[in-house]
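Please study the sequence and the model displayed below.

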Amino acid sequence: MNLSAALRANSLTMGQAARILDVDKSTVSKVSSRTYHKWEEKETELVDKLASLGYDKSASDSLSVNTNVLVKTRSVSLFFDLCDDLADPESSLSSSLGMTIGTAERGKTHAAKWYASENENAAYTLYVDGFSRVQLLRNICCELAGVRPFSFGSCVSTIAEVSKVSRRLLSSCAVPTLSNHCSASNAEFTAPKNRQSVLRDEPSDLRNQHTDSEDEGDER
């Protein structure tokens, strides 16, 4: 096992490893990057010393998490069904606007991005509190058509032109600041008979709904 893998497996920074091994941090860095003179010998020496001091976890013992996956839970499946209905021009839905609301870190953004990446007629864009209408529309044009028109009118014309051929689904996540991330939906979806989709969090204060209100039409 190389030194970098040993540090990761034992959750050690280079500074911590240097103090434990009683060497300079630069030595650990150079051995890890293999720029140290005769690094092979030095690496074996340092890895063996770490193991003798109890830092002997191997890479296979450590937990590795791949976050670039999507677990298709019931909630995610219902979210995808909602997107499919909105994107389908033959859908029985009476509205072309859907909304998912929930607490942070539930998976909303991840699910929306995943759906957009898997469906050529879908796109995803981020809305940050403070954006002007033109900024938002330019971002939408960039996702749908690969261009960023300068004016409001040009943006609207571009979106209309792109949407002539086929219906397009746009997912937009709203965040209050760039430092906060909108995420979502591990919560439980239900679909009442009135075709509104309600999202209930584990306690139950979350809502996910279709709305027929026309003045919400430029939110998505």
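A crossing of two helices is called left-handed if the near helix is turned anticlockwise from the far one by less than a right angle, and right-handed if it is turned clockwise. Helices (H or I, at least four residues) and strands (E, at least two) are DSSP runs, numbered from the N terminus. The model is predicted: local features need pLDDT of at least 70, side-chain atom pairs count only at pLDDT 80 or more, and totals for chains, interfaces and linings use all residues. Residues are numbered from 1 along each chain as its sequence is written, and side-chain values use heavy atoms, with hydrogens and water left out.

Consider helix H2 (residues 14-21) and helix H3 (residues 25-33), whose axes come within 8 Å and cross at roughly 115 degrees. Axes are lines fitted to C-alpha atoms, for helices over the stretch in contact, and angles run from 0 to 180 degrees between N-to-C directions. H2 and H3 are therefore roughly perpendicular to each other (angles under 35 degrees count as roughly parallel, over 145 as roughly antiparallel, 65 to 115 as roughly perpendicular and the rest as oblique). The crossing of H2 past H3 is right-handed. In contact (heavy atoms within 4.5 Å) are Met-14, Gly-15, Ala-17 and Ala-18 of H2 with Lys-25, Val-28, Ser-29 and Ser-32 of H3.

A second pair is formed by H5 and H6, which pack at an angle of about 50 degrees with their axes 11 Å apart. These two helices are therefore oblique to each other. H5 also passes H6 in a right-handed crossing. On the H5 side the contact involves Phe-79, Phe-80, Cys-83, Asp-84 and Ala-87, and on the H6 side Ala-111, Ala-112, Trp-114 and Tyr-115.

Next comes the interior. A nonpolar core is a set of buried Ala, Val, Leu, Ile, Met, Phe, Trp, Tyr and Cys residues joined through side-chain atoms within 4.5 Å; buried means under 20% relative accessible area, exposed over 50%, and partly exposed in between (1.4 Å probe, protein chains only). The largest such core has 15 residues, and Phe-79, Tyr-115 and Tyr-124 are among those with the most contacts inside it. Helix H5 (74-87), helix H6 (108-118), strand E2 (122-128) and strand E3 (169-175) each give two or more residues to this core. H5 supplies the largest share, six residues. A second, separate core of 12 residues includes Leu-12, Ala-18, Val-28 and Leu-50.

Finally, Gly-153 lies in helix H8 (residues 152-165). Gly-153 is partly exposed, with a relative accessible area of 39%.
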